[in-house]
Amino acid sequence: METGILYLCATPIGNLDDMTFRAVKILKEVDVIAAEDTRHTRKLLTHFDIHTPLVRYDEFSKVQSGEKILALLREGKNIACVSDAGLPAISDPGADLVKLAVGSGITVCPIPGANAALSALICSALDTTKFTFAGFLPKTAKNRRDILTELSTRTETLIFYEAPHRLKKTLTEMLEVFGNRPAVLARELTKVHEEFLRGNLADLAENLNETLGEYVIIVDGKKNFDESETAEISTENFIDAYKKFIAQGIDKKTAIREVAKKFNLSRREVYNAVIDI
Ligand code: SAM
């Protein structure tokens, strides 16, 4: 008996016109659609007059549901996996379904379309030739700090997803670990209130008032940042840079570390110079 195909089907990240013809066709043709949130997906299906049965596949149901979906695929049924928005398997449980299917020899087939990370990147005006998609940072403070520290030496553009209620805190943490790099907030992509907030991490963290909607954070890589900053700042005014960090509410230890990094000095040199401030 031939096994079925698992289609990974992109859906819009806001604007329904971003649904592709092929996605509609596949969603109509498959036997079952596996969706992260069946109520949410039902609205999309109704809009496109699609009547295919839905099964839930989310973070909470993925173990049980994954086995059921696998059994259907083995019986020869074709299944489409969709997430709440964008590409399934990008920062959502679809990734586990793909592993399960591939591990069982099932064919997986991409149905490409909208994606928040790449839509934000292409409008960022930052380097698009090399980038790292870092997705959501972990929730615990130590793990977040560890990941940011690891990313802080990367020279390519960095892309993050973040929930709106954590946005300000995350930008402040990035400022502490990365220093004040150029950054872009891409808000509500493809929706009525789409906007791009451009500047550096300090401006963005300070001026962020309303945090409604969905955001992608794009941060310049280290190399670009160092080149632009060293052109402007000489090693003589690192005390000013230290004062700026302190004025932004950054603790002394982090400020010393960041200034040392930025001016290529040892932490001891910076410490000795700023100890009386
Ligand atoms: N699978 C999706 C994709 O391909 O982009 C991403 C899903 S992830 C669970 C949700 C996150 O993506 C949000 O917290 C936000 O960071 C980002 N996102 C999704 N839609 C967005 C939009 N319209 N504008 C800005 N960011 C968006």
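Is the crossing of α10 and α11 left-handed or right-handed? I looked it up, and the crossing of α10 and α11 is right-handed. The rule I used: left-handed if the near helix is turned anticlockwise from the far one by less than a right angle, right-handed if clockwise.

Before going on, a note on the model: it is predicted, so local features need pLDDT of at least 70 and side-chain atom pairs count only at pLDDT 80 or more, while totals for chains, interfaces and linings use all residues. Numbering runs from 1 along each chain as its sequence is written, and side-chain values use heavy atoms, with hydrogens and water left out.

**Helix pair**

I took α10 as residues 238–247 and α11 as residues 252–263; their axes come within 9 Å and cross at roughly 140°. Axes here are lines fitted to C-alpha atoms, for helices over the stretch in contact, with angles running from 0 to 180 degrees between N-to-C directions. From α10, I noted Phe 238, Ala 241, Tyr 242, Phe 245 and Ile 246 in the contact. α11 answers with Lys 252, Ala 255, Ile 256, Glu 258, Val 259, Lys 262 and Phe 263. Contact means heavy atoms within 4.5 Å. By class, I get nine nonpolar, no polar and three charged residues there. For the classes, Ala, Val, Leu, Ile, Met, Phe, Trp, Tyr, Cys and Pro are nonpolar, Asp, Glu, Lys and Arg are charged, and the others, Gly among them, are polar.

**Whole chain**

I counted 12 helices and 10 strands. These are DSSP runs numbered from the N terminus: H or I of at least four residues for helices, E of at least two for strands. The C-alpha trace spans about 75 × 40 × 30 Å along its principal axes. Of the 277 residues, 44% count as buried, meaning under 20% relative accessible area with a 1.4 Å probe, protein chains only (exposed is over 50%, partly exposed in between). Among contacts with a separation of 6 or more, 70% come from residues 24 or more positions apart.

Next I went for the holes. On a 1 Å grid over the protein atoms alone, a cavity is a set of points where a 1.4 Å probe fits but cannot get out; a pocket is an open set with protein on both sides within 12 Å along at least five of seven lines, and lining residues have an atom within 4 Å of a point. Grid points are joined across faces, edges and corners, and a volume is the space filled by probe spheres set on the points.

The largest pocket has a volume of about 650 Å³. I find 28 residues lining this pocket, with Ser 91, Ala 116, Phe 136, Tyr 161 and Glu 214 nearest its centre. Strands β7 (157–162) and β10 (215–219) each supply at least two lining residues. The lining has 15 nonpolar, four polar and nine charged residues.

I also have two cavities of 30 Å³ or more. The second largest cavity is about 40 Å³, and its lining includes Tyr 57, Cys 81 and Asp 92.

**Two residues**

Ser 124 is in α5 (residues 116–124) and counts as buried because its relative accessibility is 3%.
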